[in-house]
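Please examine the sequence and the structure shown below.

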Amino acid sequence: MREISLQEVLDARERRAWKQRELLRQFQRPVLSFTMNIPGPVKDSPLIRRGFDAGLRRLDKALEQAGLPLLSREERREPTGCELLCAVEAEAAALKAVCLEIEERSPLGRLFDLDVIGPDGQKLARQEERCCLVCGKRGRGCASRRVHSLSELDAAVTGLLRQGLLAEDAEALDRLATKALLDEVDTTPKPGLVDRNNNGSHQDMDPGTFRRSAEALRGYWKGCFLTGAETADASPEAAFAGLKDLGLQAENAMFRATGGVNTHKGALFTLGTLCGAIGRLWTAEAPCRDFGRICSTAAQLCSSSVEADFTALDRGRAPLTAGERLYLSSGLKGIRGELAAGLPSLLETALPRLEEGDQARRGEAGLSRIRGSSSNA
């Protein structure tokens with residue numbers, strides 16, 4: 001990170017304006033300019049770039065959903081800030097409506113500058129002026145009168161970035177966890193388990209049961225992630241207590257969706273704790289992608305509770321779960337013990353085999369492409 005001069009800012013603006021004119025001349029279509037609204041002399045940082053990337057994802061998705069294809073696309077990441085310039089096959093007003101929706105509804109939208117320049121070279125204006133970054137007042141009065149200090153503005157921007165990225169990452173994790181549940185039930189064949197071919201040994205459930213359950217659990221994974229982030233400085237035991245409360249609520253939602261059938265109780269515990277661990281390790285600048293570290297953190301979260309549960313197990317209580325019966329008969333702790341140990345079977349056996357299979361698949365695909373090229377030569 002470095003501070004930039006006023007001249008560098010002016011040069012970047014002039015370069016961007018020149019490129020906008022070139023795109024208008026070439027395509028005769030509206031031009032979209034996306035930059036980050038970052039006051040002060042530091043316009044580029046890992047945090048700012050993550051915010052820009054979040055905006056790009058939202059923009060790409062919104063344009064696709066609106067059926068507005070790009071005619072050109074150019075990204076720049078400079079000390080003067082991140083920029084996107086593109087010509088769009090759209091009516092200028094429709095494109096502006098998409099941009100306003102992102103600015104108003106995204107957790108990071110206040111920091112997005114999504115400008116639309118019409119084919120006539122005029123920038124489309126907003127109907128309402130934006131709010132002050134610090135105090136939230138409408139209009140440009142605070143900026144024009146320099147009401148707030150640079151340190152106040154910097155703190156406000158950093159806070160918006162951190163809270164916005166936390167919300168963005170929570171939503172992304174929730175989508176991935178839900179997709180994992182749906183992909184799991186569709187994985188076929190799975191001998192003895194529910195898949196697209198049959199119900200295996202389960203007479204009380206089918207793929208539809210699992211899909212209803214997966215949909216009912218949307219939001220639970222996000223809640224686990226946010227709980228982990230909010231209790232990052234608390235003891236593992238205190239953090240896990242919050243996760244356990246969420247798990248009980250999610251279990252009730254699952255049973256309501258399935259008519260009392262247990263489809264995802266194991267996932268509520270394992271995947272929910274892993275989501276909590278990801279939240280506990282989260283930083284806005286660089287979310288943790290080290291799966292070994294995530295597993296060990298999940299183990300720290302649940303190990304005390306798991307051990308206490310097995311120690312206090314009452315043989316005379318009924319009904320016992322299948323896992324509890326297994327522990328009483330053989331001492332095996334099942335999936336709870338596996339997670340409390342940091343998922344060694346997954347890390348040491350399953351993932352290496354999956355990686356080997358993936359590498360072999362890619363090798364075969366590459367070999368097929370080479371063979372195809374040779375036969376066409």
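Is His-264 buried or exposed? His-264 has 5% relative accessibility and therefore counts as buried; buried means under 20% relative accessible area and exposed over 50%, with partly exposed in between, for a 1.4 Å probe and protein chains only. This is a predicted model, in which local features need pLDDT of at least 70, side-chain atom pairs count only at pLDDT 80 or more, and totals for chains, interfaces and linings use all residues. Residues are numbered from 1 along each chain as its sequence is written, and side-chain values use heavy atoms, with hydrogens and water left out.

His-264 lies in the loop between α8 (236-258) and α9 (265-281). Helices (H or I, at least four residues) and strands (E, at least two) are DSSP runs, numbered from the N terminus. In contact with His-264, not counting residues up to four places away in sequence, are Leu-181, Phe-210, Ser-213, Ala-214, Leu-217 and Met-254; contact means heavy atoms within 4.5 Å.

In α1, the buried residues are Val-9, Ala-12, Arg-16, Gln-20, Leu-23 and Leu-24. They lie on the same side of α1, because they cover an arc of only 110° around the axis, the arc being that of the directions from the helix axis to the C-beta atoms. The cover over these buried residues includes β1 (31-36), β3 (81-87) and β4 (112-117). On the face of α1 turned away from the buried side are the exposed residues Arg-25 and Gln-26. After α1 comes Gln-28, with a positive phi near 55°.
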